2 protein chains.
Amino acid sequence: MKKAIGVFDSGLGGLTAVKELSALMPRENIIYLGDTARVPYGSRSAETLIRFAKQDLEFFFRQNVKAVLVACGTISSVALPVLKEMCPVFIEGVVSPAAKRAAQITKNGKIAVIATNASIHSGAYSRELKAINNGFTVIEKACPMFVPIVENGYFGKDNPVAKLIVKDYLSEIKASGADTVILGCTHYPILRPLIEEFLGGGIALVDSGMEAAKEVCEHIKNAHEEQLEGTGKNTYYVTDEPSGFTALAELFLNKKIEEVKKVSLDDDN
Amino acid sequence: MKKAIGVFDSGLGGLTAVKELSALMPRENIIYLGDTARVPYGSRSAETLIRFAKQDLEFFFRQNVKAVLVACGTISSVALPVLKEMCPVFIEGVVSPAAKRAAQITKNGKIAVIATNASIHSGAYSRELKAINNGFTVIEKACPMFVPIVENGYFGKDNPVAKLIVKDYLSEIKASGADTVILGCTHYPILRPLIEEFLGGGIALVDSGMEAAKEVCEHIKNAHEEQLEGTGKNTYYVTDEPSGFTALAELFLNKKIEEVKKVSLDDDN
């Protein structure tokens, strides 16, 4: 039995990281957990988020995974230190890899971060960037409607609602002179074409899920834990009914999903 | 100690019912519970909703209330029979009162219902209306973005995002010839000015929270349980941090809120 890599998020967003991870390491088994009974995470308090995150992580302990990718910008921002303390295997979130990448590619040192309310409120991205280079100018913007529009299918390139909301949230960033924008929530790559069109050329976007996937891949290779043969299998777990998840998930992953199972994370049922 | 009336919802929406109830019975104490750690309810499965609803109701048992208003269209649609069985005091949801009112005022027998995915999927409003008059034509439309836009402050009368989404969801209803529209989710009255403007004159809107408040008021008077003197006090409980709740709640209620307390509903912490 090949040990899997665990990837989790509040809902669908983390699938953007699964897609990257599968592309980088097609032989690996991946177990995905979407806490769809409690999505969205981005508007919750730190205390609530830490409680949810611990339950998410405990699920992977029961699955005996070899590494965990926290494919949720909010949990990565708010709860990663707590999760690192309790996790016996390698665990990485999306904040640090995205900050590193942004620091590498910025030319003018002006970096914008877009993420959920909770992520922005935590200041995690800003702290990571300043720790790399205290001279960076960091522009932070919470975009609380981005997750609902993605989860409700308002993400087509010409969708007028999505266009208005993108303009609403990103005008400030466009005007700021930032040359690099971190997509600090794993739902946001779904809106990438709209964001690129609005911001125009010359601004680099950093996909935080993709950068985290690269980091996990590097760790697994360095630790000589990668699968050298066979084909990886992806298994998906959700906390609410799978039916609502599958259709959108296939759109995110751009492939058919074979199996989605329902799982309970809390102790009250 | 005056026994209170319990009112609950997933988040802020049920406050529209609190406002009505306070206007009808200003001497009553009202305890409001918003399950803000798990909002929104409208996209969850029936099984998950019943679990959440039981926990919400058990909170009121501990508060020893004299009646419960389920100010959530989704729970009223999906879980009310289960809640009625376990509840020792009077309990009413928003579906039946709204259906009764719509049946009274429709002239052409064409009634539209707008609500969350879960409410529409349950068919509860349609069943209630058909039980009153099987000849009614019922047009049902799920509006899953209405709760997120309200919870994120996109509800000003001229808000372009709200206008687009209202048009997106209600064009079908406008074209259907319905003369009565049930606002089947307690968040929706916040969008009432936008909905009225889009639908135009000659279409009556039924506010499900308001109708439920009237029903609870009537029960309390008939049972001679009303407060005859003094001024009622409203106490607000939420399951996530109160800070995010208070500002929007004051906007909903159009008055200052004195006290918001945090409470835990599940057994895992």
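His224(B) counts as exposed, with 7 C-beta neighbours inside 10 Å (exposed is 12 or fewer other C-beta atoms within 10 Å, buried is 20 or more, partly exposed is in between, and C-beta atoms are placed from the backbone). This is a predicted model, where local features need pLDDT of at least 70, side-chain atom pairs count only at pLDDT 80 or more, and totals for chains, interfaces and linings use all residues. Residues are numbered from 1 along each chain as its sequence is written, while chains are lettered from A and ligands numbered from 1 in the order in which they are written.

- His224(B) isn't a glycine, yet its phi is positive, near 55°.
- You'll find His224(B) in the loop between helix H11 (208-222) and strand E9 (234-238) of chain B; helices (H or I, at least four residues) and strands (E, at least two) are DSSP runs, numbered from the N terminus.
- Over in chain A, Asn64(A) has a positive phi of about 55° without being a glycine.
- Asn64(A) sits in the loop between H2 and strand E3 (67-70) of chain A, and it's exposed, with 12 other C-beta atoms within 10 Å.
- A cis peptide bond runs from Val39(A) to Pro40(A), with omega near 0°, and Pro40(A) is in the loop between strand E2 (30-34) and helix H2 (46-63) of chain A.
- Chain B has a cis bond joining Val39(B) and Pro40(B), with omega about 0°; Pro40(B) is in the loop between strand E2 (30-34) and H2 of chain B.

**The two domains of chain A**

- Chain A splits into domain 1 (5-93 + 210-262) and domain 2 (95-209), with bounds that come from an automatic or database domain assignment.
- Their centres, taken over C-alpha atoms, are 21 Å apart.
- Where they touch, domain 1 of chain A puts in 31 residues and domain 2 of chain A puts in 26 (contact means C-beta atoms, placed from the backbone, within 7 Å).
- On the domain 1 side, helix H1 (15-24), helix H3 (73-78) and helix H11 (208-222) of chain A each give two or more residues, and H11(A) has the largest share with six.

**Where the chains meet**

- Chain B and chain A bring 22 residues each to their contact.
- On chain B's side, helix H2 (46-63) and helix H9 (160-176) each supply at least two residues, and H9(B) gives the most, with four.

Methods: Two residues are in contact if their C-beta atoms, placed from the backbone, lie within 7 Å.
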